[in-house]
Amino acid sequence: MRSFGDDRETTLNIRSARSTFLGVNPPYYFLEKFELAARSKINRISKQLIRYAYRFHPLFLIRLMFSNPKETSEQQLGHYLKRFGYFVAIGKPGEKIVTPGASRLYVTDEEWKQTVLDLMGESELVVLQPSRTDGVWWEVEQVFSKAAPGKILLCMVNYFGFQNDYENFKARMEALHPDRPALPNSIGNERRIVFLGFSENWEPRQYTLQNYWSISWLFRGTTANLAKTLKPFMENRKAENPAS
């Protein structure tokens, strides 16, 4: 579950000159270098232009030929989670080119909420990527009201470097369930992207993103080592839910 605005946008890859040189991530770090406001219109347009030009990077084209792109957080999570089962998401209404990553279900405005509830009930794992927009908040409410805590995994990529946005999210979560343990205080200030899982009594567990050695980025097509990052989460889940 995610905001449609995140499609083709968010990534777990490191933003650096090295990752750009190895064909892993567009040179978005230029925008940070020139201090273009992260969520301004000029920033969004600049990112689109950079992403388009980057499509001609020879190493990226080679991986694309072998159907091995891992640009976005959805693609990266999908590549890891598909070893455990189907990775499914609701598709953006009206999109003519399917967003790569999860398998898509396309439903009407009248059907989507019930479809989300049905999928949530059937799934072994619910992956949620919250954002600062209200569009995803209904899904947040449903997940934390109806899903078992051990099957919830939060990808907090949208709050990386945005502590104020994270504090707003944290405050809304505490207002929604004031009787549960509080979320960590400073995820937006962490030096790396964070994932959150939960124990049976809703105690949050923080998993900091681990990265592959840079020499392997060229072959893997990503910097994010999700197998290592989420290994403790999967082990905790198996220990607390032996039948899953």
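The buried residues of helix H5 pack against strand E2 (103-105), strand E3 (126-128), strand E4 (152-155), strand E5 (194-198) and helix H10. Contact here means heavy atoms within 4.5 Å. Helices (H or I, at least four residues) and strands (E, at least two) are DSSP runs, numbered from the N terminus. This is a predicted model: local features need pLDDT of at least 70, side-chain atom pairs count only at pLDDT 80 or more, and totals for chains, interfaces and linings use all residues. Residues are numbered from 1 along each chain as its sequence is written, and side-chain values use heavy atoms, with hydrogens and water left out.

H5 is mostly covered, with 8 of its 9 residues buried (under 20% relative accessible area; exposed is over 50%, partly exposed in between; 1.4 Å probe, protein chains only). The buried set is Ser73, Glu74, Gln75, Gln76, Leu77, Gly78, Tyr80 and Leu81.

Now the helix pair. The axes of H5 (residues 73-81) and H10 (residues 226-240) come within 11 Å and cross at roughly 60°. That makes H5 oblique to H10. Angles under 35 degrees count as roughly parallel, over 145 as roughly antiparallel, 65 to 115 as roughly perpendicular and the rest as oblique. The crossing of H5 and H10 is right-handed. From H5, Gln76, Leu77, Tyr80 and Leu81 meet Leu226, Ala227, Leu230 and Met234 of H10. By class, this contact has 7 nonpolar, 1 polar and no charged residues.

Elsewhere, Leu64 sits in helix H4 (residues 58-65). Leu64 is partly exposed, because its relative accessible area is 40%. Leu64 and Phe162 lie 98 residues apart in sequence and 32 Å apart in space, C-alpha to C-alpha.

Definitions and conventions
Axes are lines fitted to C-alpha atoms, for helices over the stretch in contact, and angles run from 0 to 180 degrees between N-to-C directions. A crossing is left-handed if the near helix is turned anticlockwise from the far one by less than a right angle, and right-handed if clockwise. Ala, Val, Leu, Ile, Met, Phe, Trp, Tyr, Cys and Pro count as nonpolar, Asp, Glu, Lys and Arg as charged, and the others, Gly among them, as polar.
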